[in-house]
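Thanks for coming, everyone. Please look at the structure before I start talking.

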Amino acid sequence: MHALSLELIPVQREHKIAFQKGVSSFREKISLTVPPDWPQFPEAFHISDAEVTENLVWPAFLFVCRSEACLVGNGGFAGDLSSEGEVEIGYEIAPCYQNKGFATEAVRQMLRYAFACAEVSAVIAHTLAAENASKAVLKKVGMTFSEELPNDEVGKVWRWRINRPAISL
């Protein structure tokens, strides 16, 4: 995979509406192959009553491999910039596209996007509190383990962080 073969497309409200209608509607809307085992976290495409417009500053993205004309995953920013200057990222890659470098490239692009904003002092992410591929991806892009935190849904999570001065993309 070449570094520029992955394109991050901002998720629009119309994408979410098409997703709610079903895979065929979503596939038609984005004009790409959609893996049968995606998404693992469909809540990323939930439309809340309070959501009138997309978050244009800290968007969600579709991860698209143009050379294969396919959707490989999705991710983006979990909320707005904190008062400490932190923004959180999250992502998922469809199982059939894992271990091919797409997660690493997607995270690198989200880090570039975040650090293009002068107000961002750090980017954080959370993973399950276990050895896994996400941990390897975050370490590969320069993020470091920050702390273990309790989590009501999964018991514990690990928090990862990269500060602006430490970025090496």
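First, the ground rules. This is a predicted model, where local features need pLDDT of at least 70, side-chain atom pairs count only at pLDDT 80 or more, and totals for chains, interfaces and linings use all residues. Residues are numbered from 1 along each chain as its sequence is written, and side-chain values use heavy atoms, with hydrogens and water left out.

The sheet, then. Helices (H or I, at least four residues) and strands (E, at least two) are DSSP runs, numbered from the N terminus. Seven strands make an open sheet, in the order E1-E2-E3-E4-E5-E7-E6. The pairing is mixed; two strands pair if DSSP finds at least two bridges between them. Which strands stand at the edges? Strand E1 (6-10) and strand E6 (144-151) do. Each has a single partner strand, so one side of each is left without a neighbour in the sheet. From one strand to the next, the twist averages 30°.

Look at E3 (residues 70-77) and E4 (residues 86-93). They run antiparallel, joined by five bridges. Asn74 stands opposite Glu92 in E4.

Now the helices. Axes are lines fitted to C-alpha atoms, for helices over the stretch in contact, and angles run from 0 to 180 degrees between N-to-C directions. H1 (residues 13-21) and H2 (residues 23-30) pack at about 150°, with axes 5 Å apart. H1 and H2 are therefore roughly antiparallel to each other (under 35 degrees is roughly parallel, over 145 roughly antiparallel, 65 to 115 roughly perpendicular, the rest oblique). Glu14, His15, Ala18, Phe19 and Lys21 in H1 meet Ser25, Phe26, Lys29 and Ile30 in H2; contact means heavy atoms within 4.5 Å.

Next pair. The axes of H3 (residues 102-115) and H4 (residues 133-140) come within 9 Å and cross at roughly 50°. H3 and H4 are therefore oblique to each other. Ala103, Thr104, Val107 and Arg108 in H3 meet Val137, Leu138 and Lys140 in H4.

Last, one residue. Cys70 lies in strand E3. Is Cys70 buried or exposed? At 1% relative accessibility, Cys70 counts as buried (under 20% relative accessible area; exposed is over 50%, partly exposed in between, with a 1.4 Å probe and protein chains only). Cys70 and Thr33 are 37 residues apart along the chain, yet their C-alpha atoms are separated by 4.4 Å. Leaving aside neighbours within four places in sequence, Cys70 is in contact with Leu32, Thr33, Phe63, Val64, Cys65 and Tyr97.
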